[in-house]
Amino acid sequence: MLEFKNVSKIYNGNKKAVDHVNFNVDEGELVVLLGPSGCGKTTLLRMVNQLESITEGDIHLNNKSVKESNKIEMRRKIGYVIQSNGLFPNMTIEKNVMIVPDLLGWDRKKQLDRFNYLMELIGLHPDEYRKRYPHELSGGQQQRVGVARALAADPPVMLMDEPFGALDPIIRTKIQDEFLQIQKEIKKTILFVSHDIDEAVKMGDKIALFRDGQLQQYNHPFEILHRPANEFVSEFVGQDRVLKSTSLYSVKDLVDSVSLTGYQKAGSVQTVQEDTSLRIVISKLLNQEAEQLAVEDTKGKIKGILTLDLVEKFLYKQIKETPKRTG
Amino acid sequence: MEHVQLVGLAIIVSILIGVPLGVYLTTNEYLAESVLQIFSIIMTIPSIALFGVMIPILSTIGQGIGFLPAFIALVLYSQLPIIRNTYTGINEVDPNIRDAAKGLGMTTLQRLIKVEIPNAMPLIMAGVRTATVLNIGVGAIAAYIGAGGLGSLINQGISRSNTTMVLVGAVVVSILAIVVDQLLRYFEKRFTPKGI
C-alpha cells in the first residue's frame, strides 16, 4: 500500500533529516513513526503528501510514485491531521469538515449525509455543531473535528502528525481510545507520528523507531518492547518496557492464555471488565486497591479471580512463547 | 460632495491596486521590502510638494490641476497602509492553518480565497480605514490645485480672513472623517468572518 524506498531528505546540501529509509506499510495498518524530536519522523510523514520534497529514493502509494502524482489531487485522497488541529477559524464546523468534499465538488445532499455520519462517528451531535466556529469548541472537540475533516472524503490513507499531542492527558487517553474504536470500523492505512512510547504501544499495529533520520527498528510493539534491535531502541523504550508491554494486552488475552483461579462468593471483590487493559489491572493490584480482582465478561457474569501471580505467569508465557515476528 | 467623490474613487482604486499587490508581495520577500520602502518614502512627501511636482508632469496632457493630480496623490498616499496591512495580514495567518490548507489539497488560489484573505480581513480593513481617513485630510489640501471639495471652503475662508468659514470647513472635514471611519468599522465587522 505504502512503500518507502531508500528515502532520504537532505537540507542545505549536507544535513540529512531522513537517511535511506526503507519499509512497507500494509493496507489497514496503523504504523506509528516514533522517535525523539528532530529524528525526521515528521519530515518523513510530510514527504508522503509532498509537503516536503524527496531528495533521494521514492515513496510509492498504491504502486505509484508520489513524486509523479499530481500533488493537489493526491493530497485530496490522503487524510491529514496535525497537532494544532489547523481548523480554519473563518469557517463553521460544517464548512471545515466538508472542505475536501467541497473541493471535489460533491453535491449538497451527499455532503450533508457525510457530515452527519462523520459527526456521529466522532461523537459530536451534527446539528448542534454544524453552525458553530472552531474557537467555540474545546481542544478535544477541535481535535475530533480535525479527524473528521481528514476522513471527510473517505481517503484510504491518513497521515496524522502528533494528532493528540497538544491535549491534556485525560482527554488524550479518551480520544486515543475513541480513535482506536473508529479505526476498527474504518480500517484506514495510517501513518501516525508520535514521540511518546506509551502512545505508540497503545495505538500502533507496528512501530517504526527513528534516530537522526535513520530507521532503528520496524516491528510490532511487542517485538520493540521485548526484543529491541539495538542499544538506542532499548534505551528509548525504557527500562520499564515490560510494564509498557502490558498495555498491549487486555484481561481477555490473559483469560484465554492462563486459567483463572476459581471464584467463590465471599464478601465483596472488585471487578474488572474483560476489555480492560492489563496495565490498569496491574496498577490496581499493586496499588493495594484489591489483592484480587474478579473478571467479569460482557454479560456481567464473573469468570474467575485474577491475581498478581497470574499476571506474572501470563507475561512470562508471552515473552517466552511468542515466536519472533518481523516487520 | 466633490470631496466624498474624490476620496471614495481614490480609495476604491487604491484597494484594487493595493490588496492584490500586498498579496503578491507575500510571495516575494525581497521585492516586498523595496516596495514598502518606496511607499514609505512617498508618504513622507508633503502633499503640497507632491501636487507641485505633478503640475508640470500632468500639464503635458493638459491635466496639471484639478481632479486628476489630486486623485493620483490620494491613491499614492493610500498605498502604504493598504499594502502593508494586506502583506502583514496574509503573512501572519497561522502557519498551521496554511499547512492544513495545503495538506488537504487546496490550490494556491483556493488557499488564498478560502483561508488566507478571510483570516487577514481584520488587518486589511484596518489598512483601508487608515487610508480613508488620511485621504479625507489630504483631499482638503487638494483644493489648492483646484480639485474643489471642502478644502475650497477653508481656502476661501483664509483668503477672505473669514474665521467662521475656515472653522466650518475644518469641522465638516473632521466630521466627515469620523463618520466615514465609523461606517468602515461597521463594514469591517460585516466582512470579517464570524469565527475570527
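What follows is a working chat about a predicted model with a chain A and a chain B.

Colleague: Let's start with chain B, what secondary structure does it have?

Modeller: In this predicted model, chain B comes to eight helices and zero strands, so that its elements, read from the N terminus on, run α-α-α-α-α-α-α-α. Taken along the principal axes, the box filled by the C-alpha atoms of chain B is roughly 65 × 35 × 25 Å.

Colleague: And which residues form the nonpolar patch on the surface?

Modeller: That patch is formed by L183(B), Y186(B), F187(B) and F191(B), which together have about 420 Å² of accessible area. One of these residues, F191(B), is found in helix 8 of chain B, the helix that covers residues 163–191.

Colleague: Switching to the interface, how many residues of each chain are in contact?

Modeller: On the chain A side there are 23 residues, and they are in contact with 20 residues of chain B. Between them the two chains bury about 1,800 Å², and 62% of that area lies on carbon and sulfur atoms.

Colleague: How many salt bridges and polar contacts are there across it?

Modeller: The rule finds two salt bridges across the interface of chain A and chain B, and for polar contact it finds seven residue pairs, with both residues at pLDDT 80 or more.

Colleague: Which elements of chain A supply the side that touches chain B?

Modeller: Helix 2 (71–76), strand 6 (78–82) and helix 4 (99–104) of chain A each supply at least two residues of that side, and the largest share, four residues, comes from helix 4 of chain A. Sorted by class, the side of chain A that touches chain B has 13 nonpolar residues, together with five polar and five charged ones.

Colleague: Back to salt bridges, what does K114(B) pair with?

Modeller: K114(B) forms a salt bridge with D102(A), and the closest N and O atoms of this pair are 3.5 Å apart. The pair counts because the cut-off for a salt bridge is 4 Å.

Colleague: How many salt bridges are there over all chains?

Modeller: A search of the whole structure finds 29 of them over all chains. Among them is the one between E94(A) and R130(A), whose closest N and O atoms are 3.1 Å apart.

Colleague: Where do E94(A) and R130(A) sit in the chain?

Modeller: E94(A) is in helix 3 of chain A (residues 93–97), whereas R130(A) is in the loop between helix 6 (126–129) and helix 7 (139–151) of chain A. With the two residues 36 residues apart, the pair links distant parts of the chain.

Technical notes
Residues are numbered from 1 along each chain as its sequence is written. Chains are lettered from A and ligands numbered from 1 in the order in which they are written. This is a predicted model: local features need pLDDT of at least 70, side-chain atom pairs count only at pLDDT 80 or more; totals for chains, interfaces and linings use all residues. Side-chain values use heavy atoms; hydrogens and water are left out. Contact means heavy atoms within 4.5 Å. Buried area is the accessible area (1.4 Å probe) that two parts lose on being put together, summed over both. A salt bridge is a side-chain nitrogen of Lys or Arg within 4 Å of a carboxyl oxygen of Asp or Glu. A polar contact is a pair of N or O atoms within 3.5 Å; within protein, one must be able to donate a hydrogen and the other to accept it, and residues adjacent in sequence count only if both atoms are side-chain atoms. Ala, Val, Leu, Ile, Met, Phe, Trp, Tyr, Cys and Pro count as nonpolar, Asp, Glu, Lys and Arg as charged, and the others, Gly among them, as polar. Patches are made of residues with over 30% relative accessible area and no salt bridge: like charges are joined within 9 Å, nonpolar side chains (Val, Leu, Ile, Met, Phe, Trp, Tyr) within 5 Å. Accessible areas come from the Shrake-Rupley method with a 1.4 Å probe; for residues, only the protein chains shown count as cover.
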